[in-house]
Amino acid sequence: MCELFGLSASRPIHARETPLGRFPPRGGRLADNPDGWGLAWREAGAFRIAKEALPGCDSVLFASLAETLVSDLVIAHVRKARFPPVNTLGNTHPFRRACCGRTWVFAHNGLVPEIVEMEEARPERFCLPEGETDSEFAFCHLLGHLHEHLGRHVHDPADDWLAEVARISELIALGGKFNFLLSDGAYLIAFGHDRLHYLETAGAVPAVALVATEPLTDQGGWTAFAPGELRIYRAGVLVER
């Protein structure tokens, strides 16, 4: 099944200071996720995205980015195509959309096939998927609810909209398995329905929080999410759970 990697830090850090370089081999060599890879990272205040519909372990671009990029916010994904079992660029995570005055990126591990019919049945759909995955439908479902309940702009303090993300995530998870990473460009939001781990260095300089499907380093400290746990980071520090 697909795997996720996320990073939130108090300042931009070089990829070589992180375990990101160990993630591309998870895309078809060390794990059975050969159906595309994607990487979103914040640079100069905006998200950049690179992705290919080919095994991450074979990608020169993925290997290069995983060793050279500098960022304080990263979301990466390697895919095992299941819903649908079609390997295309449009079905490759992460997905990016504008909503509520912000740009969001999203990547998912698991299966939530019921969300497709639920989203297609909505009388007014704010977000139309470009691909066919249940993951992108779930992303659109989340953004649709944020747009409906919070209006055209999301403001800080973030309590209201983070609570809405938590509520909708729990509802989507009832229909399958829903582990995801989501970001609005400031927060890294990680929902561990049944398969995520975190490693935090709060208090260090820089503060860094890592989230991954499977621990990517041999060092201790990686902790499994409690079932259904939502952890929210900003600048490398846990701000809500």
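In this predicted model, Pro-84 is placed in the loop that runs between strand E4 (70-78) and strand E5 (95-99). The bond joining Phe-83 to Pro-84 is a cis peptide bond, with omega at about -10°. A cis peptide bond also leads from Val-205 to Pro-206, where omega is near 0°. Pro-206 likewise has its place in a loop, between strand E9 (197-200) and strand E10 (208-212). Most peptide bonds are trans, and most residues other than glycine have a negative phi.

Positive phi values were found at two alanines. Ala-44 has a phi of about 55° although it is not a glycine. The residue is located in the loop between E2 and strand E3 (46-52). With a relative accessible area of 84%, Ala-44 lies over the 50% cut-off and is therefore exposed. For Ala-235, phi is near 55°, again a positive value in a residue other than glycine. Ala-235 belongs to the loop between strand E12 (229-234) and strand E13 (237-240). Its relative accessibility is 36%, so Ala-235 counts as partly exposed.

The chain as a whole contains four helices and 13 strands. For 241 residues, a compact globule would have a radius of gyration near 18 Å; the value for the chain is 16 Å, which agrees. The C-alpha trace spans about 45 × 40 × 35 Å along its principal axes. Buried residues make up 55% of the 241 in the chain. Of the contacts between residues at least 6 apart in sequence, 67% join residues at least 24 apart.

Twelve aromatic pairs were found in a search of the whole structure. One of these is formed by Phe-23 and Phe-62, whose rings are edge-to-face, with 6.4 Å centre to centre and 85° between the planes. This pair links distant parts of the chain, as Phe-23 is in the loop between E1 and E2 while Phe-62 is in helix H1 (residues 60-68), 39 residues apart. Both Phe-23 and Phe-62 are buried. Phe-180 and Phe-191 form a stacked pair, at 5.5 Å centre to centre and with 25° between the planes. Phe-180 lies in strand E7 (residues 179-183) and Phe-191 in strand E8 (residues 187-192), so this pair ties together parts that are eleven residues apart in sequence. Phe-180 and Phe-191 are both buried. Ring pairs also join these two residues with Phe-106, Phe-139 and Phe-178 in a cluster.

The loop between strand E1 (3-14) and strand E2 (37-43) also holds Gly-27. The relative accessible area of Gly-27 is 0%, which is under the 20% cut-off, and the residue is therefore buried. Leaving aside residues up to four places away in sequence, Gly-27 touches Asn-33, Pro-34, Pro-55, Gly-56, Cys-57 and Val-78. Between the C-alpha atoms of Gly-27 and Arg-102, which are 75 residues apart along the chain, the separation is 30 Å.

Terms used: Residues are numbered from 1 along each chain as its sequence is written. This is a predicted model: local features need pLDDT of at least 70, side-chain atom pairs count only at pLDDT 80 or more; totals for chains, interfaces and linings use all residues. Side-chain values use heavy atoms; hydrogens and water are left out. The radius of gyration is taken over C-alpha atoms; the globule rule is 2.2 Å times the number of residues to the power 0.38. Buried means under 20% relative accessible area, exposed over 50%, partly exposed in between (1.4 Å probe, protein chains only). Contact means heavy atoms within 4.5 Å. Rings of Phe, Tyr and Trp (its six-membered ring) pair if their centres lie within 6.5 Å; planes under 30 degrees apart count as stacked, over 60 as edge-to-face and the rest as tilted.
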